[in-house]
Amino acid sequence: MKDTQLSKNFRLSEFVFSNIAADAGIDNTPNERQIKNMTVLCLTVLQPIRDVLGPIDISSGFRCGKLNNHPKIRGAAHSHHRCHSGYAAADFTVRGIHNDDVLKWVRASPLPFEQLINEPTWIHISTYRPRRQIMKAERVKGEMVYTLI
């Protein structure tokens with residue numbers, strides 16, 4: 001697969017690489033529409049965060065249906081990580097900055113995100129429409145619970 005540049009600092013390879021996919025032999029190759037959706041995510045949300053806060057590490061980007069359904073992931077059927085219907089998502093951290101501080105900066109910014117979720121070890125952000133829904137994820141009795149903040 002050609003390693004397409006999605007924005008100044010983001011490449012397609014960052015979004016499609018998955019240890020789980022590699023171990024399970026899953027082809028996590030996106031189609032052109034999915035690549036377009038990831039490009040919008042990078043240009044409108046991730047690149048502006050990177051420009052101000054610094055280097056970003058993507059822990060999960062694009063997930064094909066088979067990868068999203070894998071028992072180690074168990075993603076939602078309509079996960080924004082599947083990059084369908086205009087959506088795109090990434091789970092990320094900003095090097096050297098606590099997730100709470102990243103969340104505060106993004107929340108105060110005018111960035112057009114769909115969802116922003118402060119997960120226990122990363123931040124999830126997605127695009128489609130600028131709904132700007134902000135949530136916190138916490139484990140309660142072994143289950144992940146999402147609350148609006």
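These legends describe close-up views of a predicted model. Local features need pLDDT of at least 70, side-chain atom pairs count only at pLDDT 80 or more, and totals for chains, interfaces and linings use all residues. Residues are numbered from 1 along each chain as its sequence is written, and side-chain values use heavy atoms, without hydrogens and water.

**View 1. The open sheet has six strands.** Their order is E3-E4-E6-E5-E7-E8, with mixed pairing (strands pair if DSSP finds at least two bridges between them; strands, E, at least two residues, and helices, H or I, at least four, are DSSP runs numbered from the N terminus). E3 and E8 (143–148) are the edge strands, each pairing on one side only. The twist averages 30° from one strand to the next.

**View 2. E5 (residues 115–118) runs antiparallel to E6.** Four bridges join the two strands. Asn118 stands opposite Ile123 of E6.

**View 3. Helices H3 and H5 lie across the sheet strands.** H5 lies across E4, E5, E6 and E7 (133–140), at about 160° to E5. Axes are lines fitted to C-alpha atoms, for helices over the stretch in contact; angles run from 0 to 180 degrees between N-to-C directions.

**View 4. The largest nonpolar core holds 33 residues.** Such a core is a set of buried (under 20% relative accessible area, 1.4 Å probe, protein chains only) Ala, Val, Leu, Ile, Met, Phe, Trp, Tyr and Cys residues joined through side-chain atoms within 4.5 Å. Phe15, Leu46, Ile49, Phe92 and Ile125 touch the most other members. H3 gives the largest share, seven residues.

**View 5. Ile49 and its contacts.** Beyond neighbours within four places in sequence, Ile49 contacts (heavy atoms within 4.5 Å) Gly54, Ile56, Phe92, Val94, Trp105, Val106, Leu111 and Ile125.

Key. Buried means under 20% relative accessible area, exposed over 50%, partly exposed in between (1.4 Å probe, protein chains only).
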